Amino acid sequence: MDRYNFRSIEEKWQKYWLDNNVFKTSIDKSKKKFYCLEMFPYPSGKIHMGHVRNYTIGDVLARYKGLQGYNVLHPMGWDSFGMPAENAAKQNNLDPKIWTEKNIESMKSQLKKLGLSIDWDREISTCSEDYYKHQQNFFLELYEKKLVYRKENYVNWDPVDETVLANEQVIDGKGWRSGAIVQRKKLNQWFFNISKFSQDLLDELENLENWPNKVKTMQKNWIGRSFGCEINFDIEGDIPIKNIKCFTTRPDTLFGFSFLALSVDHEISNFYKNDKDFLKFKDDCSKTGTTEEAIAVAEKIGFKTNLVAINPLNTKEKVPVYFANFVLMDYGFGAVFGCPAHDQRDFDFAKKYDLKIKTVVKPDDEDETFQVSNEAYTGPGVLINSDFLNGLQTPEKAVIETIKIIENKNLGKKQINYRLKDWGVSRQRYWGCPIPIAY
């Protein structure tokens, strides 16, 4: 429970605490050592042994530091907004405010009986206007600096709790509380513009000397920097759009291109909005959810259009264009080129729809007759069956050389993408901090 240890805080912050009367006037302001512990429970109405255990530990630390001569700040906070309180209030036919405040009084009474050294004069509750007005002011500052914005986006929707779920709240395709199958739903949402700082976040990981390597690796994967190429694919068909942009980290495998897959939210989907079969397919896709986990385990399904895409490195080669449930709009351009021989997801899709599987990478210890058969080969090796790219070591050298060729031919350009997405903060529920924007 030792959330903040202010022993090493800079002198200016120590002065701020004193000048702004963070401590009571009865505390010795000559002391320059500070210690803070913060308790922040959800007010369920009843404490349990978990509370007793944690708060006893905090109490021991607070008393110990006090005896050592520290000025100790030991406040109480109530994490009192949220869906559980609203659901409980509904079940008991009460307003969430009444329900929550009643629970706070009950838990406060129980905690006081434990004799903990909590400073009850420094008590806050997140559902109190005295508290959340500061959150709202902070939100408006972010808004003014264009670090908060609103847009329509597909979200994880729990049809039982009728709320948006974060990816972490979707377990095996189901809502973590209700157990309902999560759906994709398009809603207006507020977002924090964290993707703007993708590279900064990645760079600063190197300065976290005391962080475990496995944690830093997880953070790197979460940010997900990928080096690749934006490619323009010409398409043929009875629509006015004649070009589709696609981002790929493996442009070196373009000679193994056998299909182009689009997100159901791609702009080209507008030309199929009156097609009953496509609308049914899109509805089926909405049941997959938006999490990478859900998409990874879901059966790969596609809807074949009447369009064909042209291979930019071999214009004689034309391949079908599909909408596919494994392509998302929020990465790249909502389009991926399929190379089934060297991507397992593409391999599964090609097998299902009887598409060409052309081997263009062989392991170093195999000859040019090497062929992919039962599964995709995703390892390093040498390019084969790739015309002027044959013999290049891949992916290291081949990717860079292919990008140079694509740029020289004005077919695309080098690009860096990040897996990190902007943080959606809206929730379609009543009992939460009000976003201070009026329409």
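Just after helix α11, asparagine 410 takes a positive phi of about 55°. Helices (H or I, at least four residues) and strands (E, at least two) are DSSP runs, numbered from the N terminus. This is a predicted model, in which local features need pLDDT of at least 70 and side-chain atom pairs count only at pLDDT 80 or more, while totals for chains, interfaces and linings use all residues. Residues are numbered from 1 along each chain as its sequence is written, and side-chain values use heavy atoms, with hydrogens and water left out.

Helix α11 comprises 13 residues, 396-408. The expected span of a helix is 1.5 Å times one less than its number of residues, so α11 should span 18 Å; its end C-alpha atoms are 19 Å apart, which agrees.

Ala398, Val399, Thr402, Ile403 and Ile406 of α11 are buried, that is, under 20% relative accessible area, where exposed means over 50% and partly exposed lies in between (1.4 Å probe, protein chains only). These residues cover an arc of only 130° around the axis, which puts them on the same side of α11; the arc is that of the directions from the helix axis to the C-beta atoms. An α-helix has 3.6 residues a turn, so residues three or four places apart point the same way.

On the other side of α11, Glu396 and Asn408 are exposed. The buried residues of the helix pack against β10 (225-236), β17 (381-383), β18 (393-394) and β19 (412-418), contact being heavy atoms within 4.5 Å.

## Strand β13 and its partners

Seven of the ten residues of β13 are buried, so this strand is largely enclosed by the rest of the structure. Two strands pair if DSSP finds at least two bridges between them. A hairpin of two residues joins β13 to β14.

Valine 308 of β13 is the bridge partner of glutamate 236, and valine 308 also stands opposite proline 320 in β14.

## The nonpolar cores

A nonpolar core is a set of buried Ala, Val, Leu, Ile, Met, Phe, Trp, Tyr and Cys residues joined through side-chain atoms within 4.5 Å. The largest one has 40 residues, and Phe233, Leu260, Leu262, Ile268, Phe281, Phe323 and Phe337 have the most contacts inside it. Among the elements that give two or more residues to this core are β10, β13, β14 and α11. Apart from it lies another core, of twelve residues, including Ile47, Met76, Met107 and Trp120.
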